[in-house]
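The sequence and structure come first.

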Amino acid sequence: MRRRSSLTSLLTAGALAATVLVTSQATGALDNAAPGAGDRAGTHASATPAASKRAARHWVNTWTSMPQLTEPHNMPPAPFTEEGLVMEDTTLRQTVRVTVGGDKVRLRFSNAFGGADLPITAASVAFPEDGRAGTDAIRPGTSRPLTFSGRPSALVPVGAQVVSDPVDMKVAAGANLAVTLYLADGQASNDITSHPGSRTTSHLLRGDHVAAEDLPGATATDHWYFLSGVETWSARSTRAVTVLGDSLTDGRGSTTNGNDRWTDQWFDRLQTRRGTARLAVLNQAAGGNRVLNDGLGPNVLARLDRDVLAQTGVESLIVFEGVNDIGTAAATEAAQKRVAADLIAAYEQIVTRAHAHGIEVHGATLLPFGGNEMYDDPAGYRERARQTVNEWIRTSGRFDSVIDFDRAVRDPADPGRLHPGLHDGDWLHLNPAGYGRLAAAVPARLFR
């Protein structure tokens, strides 16, 4: 397995921090320092090599969601979407579960796919009531206003992102955060940035309620909008692993507000071992995503820089994607041979580009889809393509290691199908028990 030298690690972390500002994490206690003082301390410590805390702490991404162009059926519900205008005079509250913890947080908001500038009038971060995911209530006394370069509002240009100033906020590993936005003017477009597959409930209410402890009468929607990252000021030993994936990593079949995707369950396992308790898990997956071609969101080769290389503190990458490329290619022998060869070439590219940044790459085998109405073909061409790709992942030696998810969830009596008790009914996506099998299949030795 490739291991970076300490010098390479420091240079890579510095290059990433200089290239992109990102986001961080959540606990249960708040410092009494004023936000301005916290901002100055956080900025000074992270920007000045000679600062006393420089060797002890750094910024690490603790939560991410892959930005996407929002499809019509995933737009904010009425009355929050109008012709050419979204969320006018609207408060949006959404919760996210961070992975590793730290002393400060900063948040990233994306306008990557917006058709107009995104004007954020006000924003805050707090702890949700009882620490719950998907609630519209926050714990009294925990709300902290966000600022952007010292200003209470921000204008995010088309295609850009904005990062908040650091907030003094002690956040525990695995805690939920509540992030609230107010858009006085809304976004003047029906092209907006979101992550539809949140598996977490968000809340919309007319008027400015950024600091409100709850949002009575709010409209619920199971999508995230605009928020794309949380970053934490954490111990120098804290590091991150990013997962590139599709709906199987995005969590289709998992429990809404349950945080039981395989990445969540794997993080929970990591927390039980001292050697991996400081490993952040960054889920950069989207349902319908593909490696080679755009689908729901940009293809993996196009989004690798944004979703992996530019994320703070990333030392490892898991690639668990390709089944949608096989399943959407024609069910002919020629087409499936071509897509298998193209996927292998794409994996080579991903490994080469990640290694150039000192990032280890772990390849995960593709799961069976026998019995699925859309992807299973009678002649078995797609299954043969999957087997070709999996054989290369297992034996090529190009990945730093192999995670055999296929073996973990396939039916021993019929290896071309998922185990009957582990899928959600469509023979393609898993249920929480199936996702638990994936979490357990990641070898502990890989991330000590």
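**Helix α10 and its surroundings**

The buried residues of α10 pack against α3 (247–250), α4 (262–270), β21 and α9 (405–409). The model is predicted, so local features need pLDDT of at least 70 and side-chain atom pairs count only at pLDDT 80 or more, while totals for chains, interfaces and linings use all residues. Residues are numbered from 1 along each chain as its sequence is written, and side-chain values use heavy atoms, with hydrogens and water left out. Helices (H or I, at least four residues) and strands (E, at least two) are DSSP runs, numbered from the N terminus.

- Helix α10 covers residues 432–441, and its buried residues are Gly434, Tyr435, Gly436, Leu438 and Ala439.
- Buried means under 20% relative accessible area, exposed means over 50%, and partly exposed lies in between (1.4 Å probe, protein chains only).
- Contact means heavy atoms within 4.5 Å.

**Overall figures**

- The protein contains 10 helices and 25 strands.
- It has 448 residues, of which 58% count as buried.
- Among the contacts with a separation of 6 or more, 82% are between residues 24 or more positions apart.

**Packing of α4 and α10**

- Two packed helices are described by the angle between their axes and the distance between the axes.
- The axes of α4 and α10 come within 8 Å and cross at roughly 50°. That makes α4 oblique to α10.
- Axes are lines fitted to C-alpha atoms, for helices over the stretch in contact, and angles run from 0 to 180 degrees between N-to-C directions.
- Angles under 35 degrees count as roughly parallel, over 145 as roughly antiparallel, 65 to 115 as roughly perpendicular, and the rest as oblique.
- The crossing of α4 and α10 is right-handed; a crossing has this hand if the near helix is turned clockwise from the far one by less than a right angle, and is left-handed if anticlockwise.
- From α4, Trp262, Gln265, Trp266 and Arg269 meet Pro432, Tyr435, Gly436, Leu438, Ala439 and Ala440 of α10.
- The residues of this contact of α4 with α10 divide into seven nonpolar, two polar and one charged.
- Ala, Val, Leu, Ile, Met, Phe, Trp, Tyr, Cys and Pro count as nonpolar, Asp, Glu, Lys and Arg as charged, and the others, Gly among them, as polar.

**Packing of α5 and α7**

- Helix α5 (residues 300–309) packs with helix α7 (residues 333–355) at an angle of about 25°, and their axes are 11 Å apart. That makes α5 roughly parallel to α7.
- The crossing in which α5 passes α7 is right-handed.
- On the α5 side the contact is made by Val300, Leu301, Leu304, Asp305 and Leu309, and on the α7 side by Ala346, Gln349, Ile350, Arg353 and Ala354.
- Seven nonpolar, one polar and two charged residues make up the contact of α5 with α7.

- All seven residues of strand β19 (residues 239–245) are buried.
- One side of β19 carries Arg239, Val241, Val243 and Gly245, and the other Ala240, Thr242 and Leu244; both faces are covered.
- In a regular strand the side chains alternate between the two faces of the sheet.
- Strand β19 runs parallel to strand β20 (residues 279–285), joined by seven bridges, and Val241 stands opposite Val281 in β20.
- Strand β19 also runs parallel to strand β21 (residues 314–320), joined by six bridges, and Gly245 stands opposite Phe320 in β21.
- Two strands pair if DSSP finds at least two bridges between them.
- In strand β1 (residues 57–64), seven of the eight residues are buried, so β1 is largely enclosed by the rest of the structure.
- Strand β1 is antiparallel to strand β18 (residues 227–235), with seven bridges between them; Trp63 stands opposite Val230 in β18.

- Six strands form an open sheet in the order β9-β8-β13-β5-β15-β16, with antiparallel pairing.
- The edges are β9 (144–145) and β16 (219–221), each with a single partner strand, so one side of each is left without a neighbour in the sheet.
- Strands β5 (residues 90–97) and β15 (residues 202–206) pair in the antiparallel sense over four bridges. Thr90 has Arg206 in β15 as its bridge partner.
- His209 lies in the loop between β15 and β16 and is partly exposed, with a relative accessible area of 25%.
- Not counting residues up to four places away in sequence, His209 touches Thr91, Arg93, Thr180 and Leu215.
- His209 and Leu181 are 28 residues apart along the chain, and their C-alpha atoms are separated by 8.6 Å.
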